[in-house]
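Let's take a friendly walk through a protein model. Have a look at the structure first, then read on.

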Amino acid sequence: CLRGSVNLARLVNDPFTGDAHLDEHALDELVSTAVRMMDNVVDASRFPLEEQRQEALNKRRIGLGVTGLADALLMVRLRYGTEEAARQTERWLHRIARAAYRASVQLAKEKGAFPLFDADAYLASGTMLGMDEDVRDAIRQHGIRNALVTSIAPTGTISLYAGNVSSGIEPVFAYAYTRKVLQKDGTRTEEEVVDYAVQMWREMKGDAPLPDYFVNAQMLEPEDHVRMQAAAQKWVDSSISKTINCPEGIPFDAFKDIYAQAFDLGCKGC
């Protein structure tokens, strides 16, 4: 299960200001490095069965995704779940997909396309149908190293390692909460965990109240979650993970149309 995630929260310049923006050139370079690294992992990996090794080598599938999306949106002053946040999410994921495919094409020029590559079939499939024409032309001319390139994983543990950024494409779970942490001697300690963007706000603004665009999973409507998944998955050529958090006492009328909405928006699953 070869996956990696770009931490979008670390790429935002001038957070919480009118000039806040994600450094897209740095994003391109990071994605290119990640694709090359993950393609190398395909060769470095060892598999229990020879059939598994052949499957991996024939398709060279990788799954590059994101973490810290919700924090990045907060840092550019967008409220997770809104139409504007969904549009920005789609733009960022499109940028990642472009950079990832271009990096995989470059690897194909250096090392060859994945063994089962068929240009006509590949370009007629899934995400490729909507991809930019310059990327399609490059793939048609040079091939592509990896059959599948992008995926969205839950990233629960690695988001903690990255400073407790929001995980995957999920909203901020909670501004602060307590986790039980297993120690080397077998005991457990309780540690407070503060969301990355919230901590940054406190360091920059002191005790100033959080702006209205700060939201967490407990404050969102189900349709906000579905809207974000639909926006993100447009440029994901493999699987995508998304949780819809519902309040315990949610009225049935507020819940009943979630699956229909997911179907109407073309979600891969719900």
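Helices here are DSSP runs of H or I with at least four residues, strands are runs of E with at least two, and both are numbered from the N terminus.

This is a predicted model, where local features need pLDDT of at least 70, side-chain atom pairs count only at pLDDT 80 or more, and totals for chains, interfaces and linings use all residues. Residues are numbered from 1 along each chain as its sequence is written, and side-chain values use heavy atoms, leaving out hydrogens and water.

**Helix α4**

The expected span of a helix is 1.5 Å times one less than its number of residues. Here is how α4 compares:

| Item | Value |
|---|---|
| Residues in α4 (83-111) | 29 residues |

**The cores**

A nonpolar core is a set of buried Ala, Val, Leu, Ile, Met, Phe, Trp, Tyr and Cys residues joined through side-chain atoms within 4.5 Å. The largest one has 70 residues, of which L8, V31 and Y101 touch the most other members. Helix α4 gives the most to this core, with 12 residues. A second, separate core of 5 residues includes V226 and C267.

**Residue N164**

N164 sits in the loop between α7 (156-161) and β5 (176-182). N164 counts as buried (under 20% relative accessible area, with exposed over 50% and partly exposed in between, using a 1.4 Å probe and protein chains only), because its relative accessibility is 9%. Its side chain reaches the backbone oxygen of V194 at 3.0 Å.

Terms used:
Polar contact = N/O pair within 3.5 Å; in protein donor to acceptor, adjacent residues only side chain to side chain.
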